[in-house]
Every structure is written in structure tokens, then in C-alpha cells.
Amino acid sequence: MVSSGNNAGLSAHNSQLMAARVRSAVWFLIPLALLVVIWAGVVSLFEVNPRIFPSVTSVWQAGLESVFDGTLVRHIGASLWRIAVGTTIGLAIGIPLGIAMGVVPAVASFFSPLVRFFSVLAGIAWIPIATLWFGYGFGAITFVIFNAVFFVVAYNALLGVSSIPMQVRNAAASLGAGRMAMIFEVLLPGALPNIVTGIRTGMGFAWRGLIAAEMIATDLGLGYMLFTARDFYKTEVIVLGMVVIGLLWLALDRLLLAPLERVTTERWGMVRS
Amino acid sequence: MIVKRANPQPGLWNKLQMAWVRLHQRWPNLAASLPFVPLVFSWWLTAWLEVFPRAFFPGPGDVVLSMISLIYKGILPEYLLDSVTRLIVGASTGVAIAIPLGVLIGMSRRANTVLWPPLLFFQAVGDIAWLPILLIWFGFGLTTMTFVIVYTVLFPVVLNTVLGIRSINPDLLRAARSLGASQARMIWEVVLPGALPNIMTGLRNGLGYGWRALIAAEIIVGTSGIGFLMFDARRAGSVVEIMLGMIVLGLLWYVVDAWILAPIERATGERWGMVTR
């Protein structure tokens, strides 16, 4: 960023930056608005049966209704709470375990097929057994999210630690770094770009797992909202739910995960293509 | 660790490490399956000691027995074939749509402005959220499941194709054009080969997601397939068959990913001299 010394120049630069950002946001929204216009046009022109696809106004009304009677907020709250709890537990166990496994190269190469096998299974495939072990509800769904995040993050942490050049670790050790300093100043920072990539992938699996699990195993949450609407052919609620799911994930991914990934990879000077 | 290595007499630990490294170099597949031995053993031990009730946590023996009986009855091979066929049909359709779309978006600025935002949005909606409305449209059948897989595979491949095209050195494009290449030849001989490593990465990611989407679709739509096998077993309360389903899924995907997709990805990456990391 070019700072031009005086305040006026700086604020002019900032407002230019703001303008560019607003412009790109508008250019992002125009095609989506166009899509809504086409949707409205097609539905009214061909008189599509509302049981097959809803009109824009009916989705809007369903949205307003569910906002005012509080059901939408409750469904979203339940889904986000499950994601938050599952992800937190997954990270809290996955990162330390992955790093611990990655410290010694031979141990890392021993464990990596195992962790990889389970990260391949992570998420949706656990739904049937999770519902048997924990019963329908919060426990089973949170478990599915937890294991989607846990295995993918642990695998990536392991990969990250074992990709740190041995010279760096030797250098730190010969400069007298203790065990703690080694972990917090060499291994963890070195593995961070991989860990963050793992978090993003794992959250992607977890989000899908959440929706699938909620369709099967609960009576609250976005997936449940979609699936019960299907029973009554309420397509407007289904489409509303899909839009909400899309917007939530877009917000989560763009505002939280992508910046996190960008910051770590840039900070570590590992910008890829 | 470092201090130990400086030791003139290698300890047992170091010898073990060296032996492991040598084994790993000579028979990588054998070495990769070795860690599963203690896992299966501890699984067997936990089940044998009945730490958890046997109905909730069966041992490996029970799972193998149920596998043999399901293979004998012909259920397991049939379901497996169903799942794999769905995945192949869905994935190839997805790729057939995704690559041209990606080339279009990557080559044309106008297509990019119009198509990129909806693409991101629909990617965010996610395959599984489409299931309820697909069930209304197409009912419980093959169309629903194929649609879900096509949808899942589509986005990673499109996004990565675009990324790959963007990362092609513009000098190459200019050189080809100044040598008189037509648009079609440009795409065929410069753009697609240049983007191939990224396309492979996208395909691998897409199949990873598509695989999960297939399981979810089979659980919810429920007519046949490994996902259905697991959910049917869940209804009957048979943990043995659920575990069997998970193991089959894991093994199958592990084989596909580690022995087919990863080598192809590595080969294209190396062939094109673009080794990542």
C-alpha cells in the first residue's frame, strides 16, 4: 500500500479503495439480481405449478413469515451452534494430535495412512453409526461435524509438520530451543498454512454433513426445515432454506475461512499460483 | 531428539526408525497397511473385553462374518456396483459439462462477470440441500442421485479449470497466437494442456465431495447402494453391517484416491513441471 505522508492523500487513497470495493460488490450482485429477474419472469410466464417451483414473492413471504414467528432464527441458531461446538472440539483435539504425530518423521509416515483412511470416511458416512451410538439429536449431529473437522485437520497438521525442513528444526534445536519453544515457535507456525487449508476443507465436509444429518436425525435446524417442507410440498420453504444455506456458507467461507487462509499463506510467504 | 541422533551407539528406537524407513522405501503399499494392524488388534481387544455392549460395538470377526454372508447372498457386490456406477455416470457427466464451462469462463471476461457470482452462490448452496426439491421433481430414483453427483463434481472442476487457465503464462498464449494458431487450436493445444494439472486437482476434490454426496443421497433416497445398506442396517439396529459399510467405503475410496487419482495428479503435475510444494 502506498502511503503518501499527509492525511488528505491517505484518506483519498482509502476512499478510492472503498469505491473499488463497492464497485466489485455491485458487479458481484448484478448477475445474481439478473438470475432472480429471470426466475420471476419464467415462473409468471409459464405459470409454473407452485408445487414444482415457487414464485419469488411466495419465497419472500415465506421468509418474512418465518423471520417474524422466529422459526427461521431458531433453525439457523441450532445449525450454527452445532457447527460451532463440533468444530471447536475437532480443532482442540485435531491440531495437537496431528502435530504430535508429525514430530518424528518415522512416526508420521507410520500414522499417515491411518489418518488418511479416516479422513476419507470423515463426515456423512458416520451418520448411521452416530445416530445409533448417541441417539437422534444434538449428540449425533455434533459428532458428525466433530469427526469431519477432526480427521481432516489432524491429517493436514501431520502433513504440515512433516513438510517442515529438517534444517529449520535442527537450527532451532542447536540454538537451544526447548521442547515448548520448538512446538510453539517452529512446528505450529510451520504447519499453520496446512492446518488452515485443512480447516477450510474440513468445514466444507462438516457443513454438508450437518445438512444431511439434520435431514435424518433431528427436529430442529436448516436441514430439518428443508426436509419437512418436502413432506408438504412447500417448495417456497425449500427454496428459502437453500438460499439461506447458500448465503450462510458464502458468509462463513468468504468472511472467515478465506481471509484466514489468505493471511496465513501470505504471512508465511507461500503464495501459490 | 537431536541429542539422541548424535549418540555414537544407535539405540533400539533409532534402529526401529531406520528399519521402518527402509521398509517404506522398498514396499510402500505394505508399509501403508501396517498401521492398521495395531488398530484392528485394539478394536478386537476392546470388543472382546466388552468395554461397550456387544450390540453397540461388535468386533472385527463379526464384521468379517457378515461380509462373507452378504457377499454370498450377492447383496454386497450388487450394492457396491450400484454405488460405483452412479459415481462414474455422475462424475463423467459433471466433468463433461464442467471443463467447457471452465474454459468459457477462463477465456472470456464477459462470461466471467456474468457467470462467476452465480457459480459461487450455487457452490455454496451445496449438493445435499438440493435433495428435498429434487425428490419432488424426480422422485426417488437414479435421476435424483445422478443430479446430486453431477452438481457436486461440477463446481470444483469449473473453479479449478478457471484457476488453471488464469495461471497459464500469457507469453505462451501470445506466442501461439502470433504463430497463427486459431482459437480452437489455442484451446486444444495451449489452454487445456496448461490447465490440466489444475483440472486434475479439481476432479480429485470434486470426487471427494461427490463420494460423500452419494452416500448422503443413498441414505436419504434409499433404494440401493452402500449408503442404503448402512442406513437399512441402522433401522434394524445392526452395528455390524454399518461398520462393514464404512470399511468398504473407506477401502474403496482409499484405493481410488491413493492408487488412481493421486498418481494421475502427480504425473500430470510432474510432466508439466509444476510440482506443487
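Helices here are DSSP runs of H or I with at least four residues, and strands are runs of E with at least two. Keep in mind that this is a predicted model.

**Exercise 1.** Work out how many helices and strands chain A has, and how spread out chain A is.

*Solution.* 
- Step 1: Write the pattern along the sequence. Chain A reads α-α-α-α-α-α-α-α-α-α.
- Step 2: Check the spread. For 273 residues the globule rule gives 19 Å, but the radius of gyration of chain A is 23 Å, well over that, so chain A is more spread out than a compact globule.
- Step 3: Box it in. Along the principal axes, the C-alpha atoms of chain A fill roughly 75 × 65 × 30 Å.

**Exercise 2.** Describe the contact between chain A and chain B.

*Solution.* 
- Step 1: Count residues on each side. Chain A gives 51 residues and chain B gives 49 residues.
- Step 2: Find the elements of chain A that give two or more residues to this side. Among them are helix H1 (7–46), helix H8 (179–217) and helix H10 (235–267) of chain A.
- Step 3: Sort the chain A side by class. You get 38 nonpolar, 9 polar and 4 charged residues.

**Exercise 3.** Find which residues of helix H8 of chain B are buried, and look at what follows the helix.

*Solution.* 
- Step 1: Use the cut-off: buried means 20 or more other C-beta atoms within 10 Å of the residue's own.
- Step 2: Go through residues 131–138 of chain B. The buried ones are B:Leu131, B:Pro132, B:Ile133 and B:Leu134.
- Step 3: Step past the end. Just after H8(B), B:Gly139 has a positive phi of about 75°.

Notes: Residues are numbered from 1 along each chain as its sequence is written. Chains are lettered from A and ligands numbered from 1 in the order in which they are written. This is a predicted model: local features need pLDDT of at least 70, side-chain atom pairs count only at pLDDT 80 or more; totals for chains, interfaces and linings use all residues. Two residues are in contact if their C-beta atoms, placed from the backbone, lie within 7 Å. Ala, Val, Leu, Ile, Met, Phe, Trp, Tyr, Cys and Pro count as nonpolar, Asp, Glu, Lys and Arg as charged, and the others, Gly among them, as polar. A residue is buried if 20 or more other C-beta atoms lie within 10 Å of its own, exposed if 12 or fewer, and partly exposed in between; C-beta atoms are placed from the backbone. The radius of gyration is taken over C-alpha atoms; the globule rule is 2.2 Å times the number of residues to the power 0.38.
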